[in-house]
Amino acid sequence: MNIDQILNEVKRFKDQNPKVLNAAIMSNEILLNRYAKLVPRIRGEFATVQSLLGHVVMQFRPQWDEVANTQFRGKQLRNFHQKVNFAFTPAEILGSWIEQKYNEGVELKDKEISRHIMTMLKAKIISDVNILSVTGVYNAATPTVFGASMDGVNRIHTLGLANEENPFFKIPTDAIDDTNIGAVLLEFEKRLPEQMKPFIKGVKMSVQNAENYQLWYEDTFGKNTNFSDGKGLKTRLGNRQIIPVPNMSNNHIVATVDGNFTRMVDVIENPATITDVQKLDYKLKVFGEFTLGYDYAVNELVIINDPVGEELGLGDADLNKLFYPESF
């Protein structure tokens with residue numbers, strides 16, 4: 001098989017499978033995709049607007065008394081235009097392809113090398129996005145540096161903690177270490193706003209913190225106690241799912257209502273696409289592009305532990321009353 005044959009086969013595969021790249025970006029093998037609400041037609045910035053209405057019920061008297069404070073608050077979300085550049089030498093790929101076919105017990109004539117190549121590419125994209133969605137820090141000045149193509153949740157949490165216009169709800173706690181995660185998580189759950197507790201189904205934390213929580217629970221209550229339902233760890237107080245996120249910061253645990261964490265893609269007008277396949281000397285080059293971003297639609301509904309500050313809430317008395325009137 002010569003290089004032109006492989007070039008033509010890869011091009012044919014691209015034309016016959018136009019959504020192969022999109023399948024990687026949308027895959028549930030990307031951990032955060034399982035917990036993020038899909039916003040499917042975004043390229044660039046996206047404005048969310050939430051309307052908030054103050055109290056309207058009062059004692060009757062035969063006159064007009066307007067007391068409700070109505071506000072429309074917005075936030076700019078964005079996703080990031082990214083590309084895939086994948087070059088390979090067919091002579092080097094052939095060996096792994098042949099070995100795979102023998103291992104699968106399938107005759108070579110019944111398997112395409114292009115499918116093998118695209119399977120490798122899809123797996124690598126999923127791996128990269130799993131990293132970027134957590135540790136990425138967008139930097140337009142370093143376009144070729146891995147990690148600079150989008151903001152991940154660690155960056156989103158850092159920006160949210162410092163945001164005064166659209167603040168996170170902060171719960172002061174001790175700094176998390178290897179031994180106190182049980183106490184910190186218990187304090188975090190106890191101080192969740194009461195009206196929010198029924199709507200918070202999970203708590204995200206680093207893998208290290210989740211492992212330390214399991215060890216703390218077993219050491220404290222024994223291995224036969226019910227801290228897991230077979231589907232993963234549960235919190236002690238609210239029986240909420242503990243979601244271990246690889247590469248997430250060890251400093252924070254985060255919770256929000258279902259549907260508030262979003263992933264923004266453009267699957268309508270600009271879906272993830274392999275745009276071209278070219279030959280250069282002994283190499284074949286695959287070109288692709290996609291848009292993707294993660295963020296919270298409403299920062300004020302994000303609850304995060306704060307190991308530095310001492311103030312509970314949004315850091316603003318009026319916002320506290322507006323978003324959490326039962327607690328403030």
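Here are a few friendly questions and answers about charged side chains in this predicted model.

Q: Why do D4 and K279 count as a salt bridge?
A: A salt bridge needs a side-chain nitrogen of Lys or Arg within 4 Å of a carboxyl oxygen of Asp or Glu. The side chains of D4 and K279 meet at 2.8 Å, N to O, so the pair qualifies.

Q: What does the pair of D4 and K279 tie together?
A: D4 belongs to helix α1 (residues 3–16) and K279 to strand β10 (residues 273–280), so the pair joins parts that are 275 residues apart in sequence.

Q: Why is D4 called partly exposed?
A: Buried means under 20% relative accessible area and exposed means over 50%, with partly exposed in between. D4 has 36%, so it falls in that middle class. K279, at 39%, is partly exposed too.

Q: How do you know whether R240 and E189 are buried or exposed?
A: Buried means under 20%. R240 has 6% relative accessibility and E189 has 1%, so both count as buried. Their side chains meet in a salt bridge of 2.6 Å, N to O. R240 sits in the loop between α7 (207–221) and β7 (241–245), and E189 in helix α6 (residues 181–190), so the pair ties together parts 51 residues apart in sequence.

Notes: Residues numbered from 1 in each chain as written. Predicted model: local features only at pLDDT ≥ 70, side-chain atom pairs only at ≥ 80, totals over all residues. Heavy atoms only, no water. Helix = DSSP H or I, 4+ residues; strand = E, 2+ residues; numbered from the N terminus. Buried < 20%, exposed > 50% of the residue type's maximum accessible area, 1.4 Å probe, protein only.
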